[in-house]
Amino acid sequence: MENDSWWTAPAESENGRLIMVTGNRDVAKFRGNPRFSIRIEVTWEYAGDTSGMPDTETSQLMEQVQDALQAEFRKDPVAVLTGIFTGDGKREWIFYSLSTHIFGKKLNQALEPFPLLPLSVYCENDPAWEEYDEMSQAEIRMD
């Protein structure tokens, strides 16, 4: 990740546990394109430590997966990674995409070198990027 285009801030889950929120500031060209209206959550549930964070081995594998996802979508920008939530026993990668079908193909290509991972995918229409704006409030609270 390019550090200057990403921010990280602590937040709280509904049950009061720490969630680290990382957001991408460099989304204007995607947000300005009305075709990027599908919000996609890729969720990895894990057995967290007492604070709800992943152990070192899981965290390292998650970083490898994230690098593979970002590389795949840099090659073919049909989706942009806009946010990452880690804590309370799960990591969520949030993307905005122009096609669930193409996103799924690219997701599978990126994950091909990895063992089967405990991932789930959820998609919804969010043409106004309302969820992105809500996530961005965590950065504003940090300032």
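Predicted model: local features only at pLDDT ≥ 70, side-chain atom pairs only at ≥ 80, totals over all residues.
1. Strand S5 (residues 90-97) runs antiparallel to S3, with eight bridges between them. Strand S6 (residues 119-125) is antiparallel to S3 too, and here seven bridges make the link.

2. Thr43 is worth a look, as a residue of S3. Its relative accessible area is 8%, and since buried means under 20%, Thr43 counts as buried. Its bridge partner in S6 is Ser120. Beyond the neighbours within four places in sequence, Thr43 touches Lys90, Arg91 and Glu92, along with Pro118, Leu119 and Ser120.

3. Next along is Trp44, which sits opposite Arg91 in S5. For the aromatic rings, a search of the whole structure turns up seven pairs. In one of them, Trp44 and Trp93 have ring centres 6.3 Å apart and planes at 55 degrees, so this pair is tilted. Trp44 belongs to S3 and Trp93 to S5, so the pair ties together parts 49 residues apart in sequence. Both Trp44 and Trp93 are buried.

4. Have a look at Phe95 and Phe103 as well: they make an edge-to-face aromatic pair, at 5.1 Å centre to centre with 65 degrees between the planes. Phe95 is buried at 2% relative accessibility, and Phe103 is buried with a relative accessible area of 2%. Ring pairs also bring in Phe73, giving a cluster of Phe73, Phe95 and Phe103.

Technical notes: Residues numbered from 1 in each chain as written. Heavy atoms only, no water. Pairing = 2+ DSSP bridges. Helix = DSSP H or I, 4+ residues; strand = E, 2+ residues; numbered from the N terminus. Buried < 20%, exposed > 50% of the residue type's maximum accessible area, 1.4 Å probe, protein only. Contact = heavy atoms within 4.5 Å. Phe/Tyr/Trp six-rings, centres within 6.5 Å; stacked < 30°, edge-to-face > 60°.
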